Amino acid sequence: MGLLSLGTPLPWDQARELAQEVRKHGIEQFLHIWNNMKDRKRDRLLWGDEIEYMLISLDHQRRRARLSQRGHELLNLLQVEETKSLERASRTGEKIELEALWRPEFGRYMIEGTPGHPYNSTVNDLVNVEANMKRRREIVAQLMDENEIILSIGSYPALGSGDFFDPPHKANGPFSRSLFLPDEVINPHPRFRTLAGNICERRGAKVTINMPIFHDLNTPRPFIDPTIPYTRDIFPQDKEACEGAALPDHIYMDAMGFGMGCCCLQITLQAPNVDQARRLYDQLATIGAVMMSLSASSPVFRGYLADVDCRWNVIAAAVDDRTLEERGKAPLTKDRFVIPKSRYGTIDTFLGSSDGHFKPEYNDLELVYDKDIHQHLTNNGIDDLMAKHISHLFIRDPLVIFEELLKQDNSVSADHFENIQSTNWQNVRFKPPPPNSPIGWRVEFRPLEVQVTDFENAAFSVFTVLLARAILAFGDLNLYIPVTKMDINMERAHSRDAVLREKFFFQRKIYADDSSSEVDDSETDKDQVVEMSANEIINGSPSFVGLIPVVEMYLDTVVLSESARCKIDTYIAFIRGRADGSIMTAAAWIRNFVRNHPAYAFDSVVSPEINYDLVVALDDIANGRRPAPELVGEGNNTC
């Protein structure tokens with residue numbers, strides 16, 4: 001969830017007055033980091049993953065599954081060992097070896113787990129990833145009540161629908177002001193409720209989220225949601241739904257919790273130096289949409305089947321704090337910029353590196369950036385591309401300002417910088433080293449949907465890391481496409497069965513001497529970006545090498561034990577199957593489960609009974625009690 005500080009959060013009317021001060025000091029903090037760390041080299045290729053889980057309470061007698069408020073309670077228990085170990089280490093100098101670290105997320109029912117320390121840089125160590133993920137699930141399970149389970153799924157099907165929370169609360173809270181979600185679903189840390197409230201205050205309205213309904217045989221046309229309480233009159237914003245915010249033929253949602261209450265799988269990779277981090281950032285950004293389509297796991301929202309398979313656009317709308325002026329719906333009078341996107345979306349500009357592949361035409365989006373900040377950065381030695389990246393991030397306001405953290409030493413703190421950096425949620429994130437830390441330049445890969453099983457999450461993690469290693473090892477590898485094509489790709493990746501039905505823009509000549517790509521030397525770089533299926537991009541075709549063959553070429557350069565190569569090949573086979581359609585996405589599996597349930601009326605409604613059976617089935621799959629080769633392939637049975 002980004003920066004998580006303790007203190008007294010300021011209400012929006014006060015925070016707004018301090019936004020420019022935070023921006024000013026944030027830029028100075030970045031300059032200190034850059035000047036101190038720009039020449040840092042030879043960092044190890046360490047990495048880590050983040051998996052977000054939902055705690056669910058099961059009522060077997062009434063056949064109900066509800067999100068559990070006890071997620072926050074379990075999180076506090078999970079952090080006890082970490083706190084004690086850190087205190088012991090500070091007293092004795094002892095090196096601590098924790099199995100996992102646990103962090104809060106937006107939802108009170110959510111728990112984020114990471115490995116206790118970064119994974120090592122050798123390829124042989126990749127075989128330990130799945131075991132660590134399994135261990136995390138076991139650690140949480142030891143603290144759960146008998147009727148509780150944890151699931152790693154993208155969106156909870158019943159979130160905001162009827163009796164979905166344990167214990168129940170009324171949706172009448174002053175932070176979200178939602179028609180559907182009580183404020184009690186929000187983590188009680190002061191940052192989270194303030195974030196939800198300040199987004200609404202800054203926007204001048206509640207957030208508006210509309211996902212297209214999946215029109216089944218008996219779904220009304222047009223679909224007008226009968227569960228929306230159009231006549232509620234508690235807050236002034238209650239009238240927004242009937243005034244056009246709730247669209248026909250769509251699933252309407254109205255709170256940050258619908259987006260930030262989703263779960264994901266994220267991977268952070270440390271690069272050897274800043275130049276290689278820039279290369280990773282650019283190259284990984286271009287594969288985000290394809291990887292999201294392979295990992296799709298979110299086809300149900302607020303108790304309805306949607307005609308999308310992913311959560312990305314839901315989150316983008318859930319944190320869209322832009323005012324009417326910034327959205328271009330009113331003339332600029334008070335605000336500074338018209339901003340085309342939410343602060344959650346694909347990147348808007350590449351960083352470039354010394355590999356020689358970047359060309360200005362790839363940055364084909366008309367970038368909105370703070371020209372004064374850009375000038376200040378370039379005057380202080382920051383190159384144009386990096387200066388535009390930072391000054392683009394800093395067109396945003398800080399959403400949560402803690403009173404106690406206003407005054408900082410910019411030479412040793414990065415809180416003001418991270419306040420804005422961490423609330424620009426893009427498909428990849430460029431992460432400078434924290435001050436006074438052994439941590440180096442990193443890139444966070446963010447588009448992946450979380451998977452049901454540890455095997456799937458390990459497979460996506462390992463494949464992403466191997467592709468990143470190949471990008472660093474093969475300097476002639478070029479995956480650049482224009483930024484605007486990335487935006488199109490991400491939209492396409494949302495659609496139902498996108499992995500099978502959509503085409504994605506991709507660079508067809510990814511090597512300078514690529515004989516497999518039938519490219520005329522007279523063609524421009526723009527001409528070499530073509531539309532391909534996910535199968536062609538991942539597995540290759542007669543005219544394109546494919547990303548799996550690239551990874552396999554990299555593996556052939558590495559000394560691996562036979563058992564490690566077998567395990568890695570199993571993960572690669574799973575990714576291959578997802579791309580060619582022989583293995584279903586979780587989104588397709590969930591949709592099929594709902595549509596084949598005996599209680600389903602083919603009206604797009606996922607009833608509490610169907611939701612219960614679905615949650616139980618997914619838990620059985622996650623814990624190996626229900627075989628699902630159609631979802632996970634052969635799994636680990638081949639080694």
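Mentor: A contact here means heavy atoms within 4.5 Å, and please keep in mind that the model is predicted.
Trainee: Which residues of helix 7 and helix 13 meet by that rule?
Mentor: On the side of helix 7 they are Gln 276, Arg 279, Leu 280, Gln 283 and Leu 284, which meet Ala 468, Ile 471 and Leu 472 of helix 13. Sorted by class, this contact has five nonpolar, two polar and one charged residues.
Trainee: Why is helix 7 called oblique to helix 13?
Mentor: Helix 7 (residues 274–285) and helix 13 (residues 454–473) pack at an angle of about 125°, with their axes 10 Å apart. Because roughly perpendicular runs from 65 to 115 degrees and roughly antiparallel begins over 145, the rest, apart from angles under 35, being oblique, helix 7 is oblique to helix 13. Their crossing is right-handed.
Trainee: What makes the count of disulfides zero?
Mentor: A disulfide needs a pair of cysteine sulfur atoms within 2.5 Å, and by this rule the count comes to zero. For Cys 242, the nearest cysteine sulfur, that of Cys 200, is 17 Å away. The sulfur of Cys 264 is 7.4 Å from the closest cysteine sulfur, in Cys 263, and therefore too far for a bond.
Trainee: Why is Cys 264 counted as buried, and what is Cys 242 called at 47%?
Mentor: Since buried means under 20% relative accessible area, Cys 264 at 5% counts as buried. Exposed means over 50%, so Cys 242, with its relative accessible area of 47%, is partly exposed.

Conventions:
Residues numbered from 1 in each chain as written. Predicted model: local features only at pLDDT ≥ 70, side-chain atom pairs only at ≥ 80, totals over all residues. Heavy atoms only, no water. Buried < 20%, exposed > 50% of the residue type's maximum accessible area, 1.4 Å probe, protein only. Axes fitted to C-alpha atoms, helices over the stretch in contact; angles between N-to-C directions. Helix = DSSP H or I, 4+ residues; strand = E, 2+ residues; numbered from the N terminus. Left-handed = near helix turned anticlockwise from the far one by under 90°. Nonpolar A, V, L, I, M, F, W, Y, C, P; charged D, E, K, R; others polar.
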